[in-house]
Amino acid sequence: MTLDYATLDLLRQNHPAWRLLRSDHAPLVASFLQRVFIAPNVRVMAQADLAEALEDELFALRDRFGAELFPKAALDYLNDWAANDKGWLRKFYAQGSDEPHFDLTPATEKAVAWLGTLAARSFVGTESRLLTLFELLKQMSEGSETDPQTRIAELQRRRDDIDAEIERVLSGDMPLLDDSALRDRFQQFVAMARELLTDFREVEHNFRGLDRRVRERIALWEGAKGALLEEIMGERDAIADSDQGRSFRAFWDFLMSSSRQEELSALLERVLTLPAVAELRPDARTRRVHYDWLEAGEHTQFTVAQLSQQLRRFLDDQAWLENRRIMDILHGIEAKALALRETPPSANDVMSIADTAAAIELPLERPLYTPPIKPAIADLVLEAGDQDVDAAVLFSQVVVDRAQLARHIRQALQERTQVTLRELCETRPLEHGLAELVAYLQLADDSFKSVIDEDVSELIVWRGAGPDGKEYTKQARLSRVIFVSG
């Protein structure tokens with residue numbers, strides 16, 4: 001993009017990021033949205049939760065600077081930030097919910113990221129970025145080389161360099177990175193990790209724009225349905241096969257590999273324990289940044305799948321045919337009306353009916369219903385009972401929180417590739433007995449990838465207290481159930 005006067009003036013007037021930086025409330029908007037959305041990697045938040053968080057923020061600011069600084073209610077500010085003239089938040093209704101939800105727009109995330117670069121840095125590393133640029137140039141040069149001899153020569157040179165380095169290490173010459181080099185590379189890693197999370201939101205925004213354009217094209221289409229489907233699917237394939245689509249698919253395949261996840265976890269654990277890196281006091285979320293990538297990628301994939309599902313309903317055959325039939329009837333009425341406009345029919349030939357009288361059947365002319373079997377009713381006198389029944393049993397209902405059990409399974413799978421049902425019950429004992437155990441089995445069948453080893457049986461034990469307050473121990477033996485990640 002050329003940064004001439006006309007382009008910059010247009011951006012100043014229309015771009016949401018520039019509008020945010022020009023706003024009088026920019027410190028409130030940027031600090032609040034960074035704390036609520038960007039720092040904890042939250043993709044979507046319900047209106048009630050977001051309004052409550054903003055109300056707490058406004059209360060603290062009013063108590064410090066005066067009530068006249070921010071006079072409006074929190075919900076009014078949120079709706080104002082999501083309006084078309086601002087564009088800092090996206091307000092929408094999630095599927096299956098009648099409560100509005102809010103999400104950060106890519107322009108707002110870019111503005112907040114740029115504000116973060118304005119702070120003075122005590123250490124500015126350049127070596128790691130230079131090495132990254134040099135490595136990228138090497139990859140492009142080697143990846144585009146078509147001469148086999150040249151590529152073989154380059155591979156042999158790299159093999160000789162590796163052999164020479166192995167010899168130096170065996171002889172005791174083992175060079176290590178100094179503290180400055182470690183801090184330089186760690187800062188580069190943190191910056192690129194945050195940029196990846198920003199890219200996910202922009203990819204999701206691009207897919208929503210594609211869906212909007214497709215809906216507009218369907219609404220204005222007047223040709224055959226086959227041609228419409230061909231054009232829509234062709235554009236969808238073009239997006240998937242574009243540079244952005246292929247890059248996102250390759251990144252997602254790389255991240256979904258369980259071996260890569262384990263390798264990233266081990267590398268992060270080792271790097272964060274280095275003294276030079278610990279002195280920088282990195283954010284606690286850095287240790288699980290690859291899981292943040294995974295959550296953001298899953299949200300993007302879910303959004304794309306949801307858009308595809310809505311598009312399929314939008315192109316449903318029955319709805320399409322019904323709409324076309326209605327339009328054909330309307331066009332036929334219009335054509336007949338235009339044909340009769342010049343030569344209207346005579347007064348005696350306006351309409352015709354098939355019969356001269358209507359068949360009327362009164363309700364009382366229909367026979368009453370006769371039951372096939374006459375029930376035998378015994379003439380008994382009800383006696384009042386005097387037995388004392390505990391009515392508290394009616395209120396002792398067991399409610400199992402399936403969402404909490406699912407979170408427990410996901411947390412366990414973040415640390416390992418598979419976990420058994422017995423291990424889950426040992427780390428978090430059953431609170432509701434057999435009902436909670438059945439809920440685990442339903443999650444294994446509905447929501448998670450699982451394997452049942454019928455050759456091995458496991459014993460699951462839980463403890464509880466009866467109505468009389470006495471403790472009891474119960475157990476269940478079943479085939480081994482294994483939850484698997486991915």
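Predicted model: local features only at pLDDT ≥ 70, side-chain atom pairs only at ≥ 80, totals over all residues.
**Figure 1. Strand β3, with residues pointing both ways.** P100, F102 and L104 point one way from β3, while H101 and D103 point the other way, and all are buried.

**Figure 2. The open sheet around β3.** Here we step back to see the partners of the strand. Three strands form an open sheet in the order β1-β3-β2, and the pairing is antiparallel. β1 (45-46) and β2 (89-93) stand at the edges with a single partner strand each, so one side of each is left without a neighbour in the sheet. Two bridges join β1 to β3, and A46 has H101 of β3 as its bridge partner. β2 is joined to β3 by five bridges; K91, for instance, has F102 of β3 as its bridge partner. Which residue takes a positive phi in the hairpin of β2 and β3? That residue is G96, with a phi near 80°, and the hairpin has six residues between the strands.

**Figure 3. The largest nonpolar core.** This core has 29 residues, and those that touch the most other members are F37, L50, L54, L78, W81 and L89. Two or more residues come from each of α2 (16-22), α3 (26-38), α4 (47-65), α5 (74-81), β3 (100-104) and α6 (106-116). Which element gives the most to this core? α3 does, with eight residues. As background, nonpolar side chains in soluble globular proteins tend to be buried together.

Figure 4. The 14 residues of α16 should span 20 Å at 1.5 Å a residue, and the end C-alpha atoms are 21 Å apart, which agrees. Where do the buried residues of this helix fall when seen down its axis? They fall within an arc of 155°, so they line one face of the helix. The buried residues are L405, A406, H408, I409, A412 and L413. Q411 and E415 are exposed, on the face of α16 turned away from its buried side. The cover over the buried residues of α16 includes β4 (418-420), α17 (421-427), α18 (434-446) and β6 (471-484). At the start of the helix, a side-chain oxygen of D401 reaches to within 3.2 Å of the backbone nitrogen of A403.

Figure 5. H408 is found in helix α16 (residues 402-415). Is this histidine buried or exposed? H408 has a relative accessibility of 13%, so it counts as buried, the cut-off being under 20%. Not counting residues up to four places away in sequence, H408 touches L424, T427, R428 and Y440.

**Figure 6. Strand β6 and its two partners.** This view turns to one of the elements covering the buried residues of α16. How many bridges pair β5 (residues 449-465) with β6? There are 14, in the antiparallel sense, and I460 has A476 of β6 as its bridge partner. β4 and β6 also pair in the antiparallel sense, over three bridges. Here T420 stands opposite I482 in β6.

**Figure 7. Helix α8 and the glycine after it.** α8 (residues 148-170) has 23 residues and reaches 33 Å from its first C-alpha to its last, close to the 33 Å expected at 1.5 Å a residue. G172 follows α8, and its phi is positive, near 100°.

Figure 8. The chain has 18 helices and six strands. Of its 486 residues, 27% count as buried. Among contacts between residues at least 6 apart in sequence, 64% join residues at least 24 apart.

Key
Residues numbered from 1 in each chain as written. Heavy atoms only, no water. Helix = DSSP H or I, 4+ residues; strand = E, 2+ residues; numbered from the N terminus. Buried < 20%, exposed > 50% of the residue type's maximum accessible area, 1.4 Å probe, protein only. Contact = heavy atoms within 4.5 Å. Expected span 1.5 Å × (residues − 1). Arc of directions from axis to C-beta. Polar contact = N/O pair within 3.5 Å; in protein donor to acceptor, adjacent residues only side chain to side chain. Core = buried A, V, L, I, M, F, W, Y, C linked by side-chain atoms within 4.5 Å. Pairing = 2+ DSSP bridges.
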